Amino acid sequence: MDSRFSKRVFTIIAKIPKGNIATYTAVAKKAGKPKAYRAVGNILHANPHPVRIPCHRVVQITGGIGGYIFGKKKKIEILK
């Protein structure tokens with residue numbers, strides 16, 4: 001994985017305000033690689049700081065919740 005792309009993704013995720021969400025696709029577009037939404041998911045799966053970098057605020061464009069390091073149930077709980 002491109003470490004520059006990973007850094008851009010983490011920077012974008014860190015700026016998502018509390019109470020808001022973004023899609024994997026939107027994050028990929030903002031990071032400069034609009035078709036790399038799966039890569040965004042893989043990057044977030046390896047998030048070394050899941051509390052500081054709020055990857056739980058990223059969801060699927062289809063309305064699905066997506067994955068989370070602490071499980072989908074916890075992701076839903078945090079988002080509420």
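Me: Is Lys-74 buried, partly exposed or exposed?
Reply: This is a predicted model, so we work from its computed values. Lys-74 has a relative accessibility of 35%. Buried needs a value under 20% and exposed needs one over 50%. Because 35% falls in between, Lys-74 counts as partly exposed.

Me: Which residue does the side chain of Lys-74 meet in a salt bridge?
Reply: The structure holds one salt bridge. Both of its residues lie in helix H4 (residues 72-79), three residues apart, about one turn of the helix. The N to O distance is 3.3 Å, and the partner of Lys-74 is Glu-77.

Me: In what pattern do the helices and strands follow each other along the sequence?
Reply: Let's begin with the parts: the secondary structure comes to four helices and two strands. Reading along the sequence, we get the pattern α-β-α-α-β-α.

Me: What is the radius of gyration of the protein, and how does it compare with the globule rule?
Reply: For 80 residues, the globule rule gives 12 Å. The value for this protein is close to that, so it is as compact as a globular protein of that length. Its C-alpha trace spans about 30 × 25 × 20 Å along the principal axes. The radius of gyration itself is 11 Å.

Me: Which residues does Val-40 contact, leaving aside neighbours within four places in sequence?
Reply: Val-40 is one of the core residues that touch the most other members. Once those neighbours in sequence are set aside, its contacts are Phe-5, Val-9, Tyr-24, Val-27 and Ala-28.

Me: What is the relative accessible area of Val-58?
Reply: Val-58 has its place in strand S2 (residues 58-59). Beyond its neighbours within four places in sequence, its contacts include Ile-13, Val-27, Leu-44 and Ile-65. The cut-off for buried is under 20%. Val-58 is buried, because its relative accessible area is 0%.

Me: How far is the C-alpha atom of Val-58 from that of Asn-20?
Reply: Along the chain, Val-58 and Asn-20 are 38 residues apart.

Me: Where does Tyr-24 lie, and is Tyr-24 buried or exposed?
Reply: Tyr-24 is found in helix H2. Not counting residues up to four places away in sequence, Tyr-24 touches residues including Tyr-37, Val-40, Leu-44, Val-58 and Lys-75. Its relative accessible area is 13%, and the limit for buried is under 20%.

Me: Is Lys-29 buried or exposed?
Reply: Lys-29 is found in helix H2. Its relative accessibility is 54%, and the cut-off for exposed is over 50%. That is why Lys-29 counts as exposed.

Me: Which residues does Ala-31 contact, leaving aside neighbours within four places in sequence?
Reply: Ala-31 lies in the loop between H2 and H3. At 3% relative accessibility, Ala-31 counts as buried. With those neighbours in sequence left out, the residues in contact with Ala-31 are Phe-5, Arg-8, Val-9 and Ile-12.

Me: Is the aromatic pair of Tyr-68 and Phe-70 stacked or edge-to-face?
Reply: The count comes to one aromatic pair. The rings of Tyr-68 and Phe-70 have their centres 5.5 Å apart and their planes at 70°. Planes over 60 degrees apart count as edge-to-face. The pair is therefore edge-to-face.

Terms used
Residues are numbered from 1 along each chain as its sequence is written. Side-chain values use heavy atoms; hydrogens and water are left out. A nonpolar core is a set of buried Ala, Val, Leu, Ile, Met, Phe, Trp, Tyr and Cys residues joined through side-chain atoms within 4.5 Å. Buried means under 20% relative accessible area, exposed over 50%, partly exposed in between (1.4 Å probe, protein chains only). Contact means heavy atoms within 4.5 Å. A salt bridge is a side-chain nitrogen of Lys or Arg within 4 Å of a carboxyl oxygen of Asp or Glu. The radius of gyration is taken over C-alpha atoms; the globule rule is 2.2 Å times the number of residues to the power 0.38. Rings of Phe, Tyr and Trp (its six-membered ring) pair if their centres lie within 6.5 Å; planes under 30 degrees apart count as stacked, over 60 as edge-to-face and the rest as tilted.
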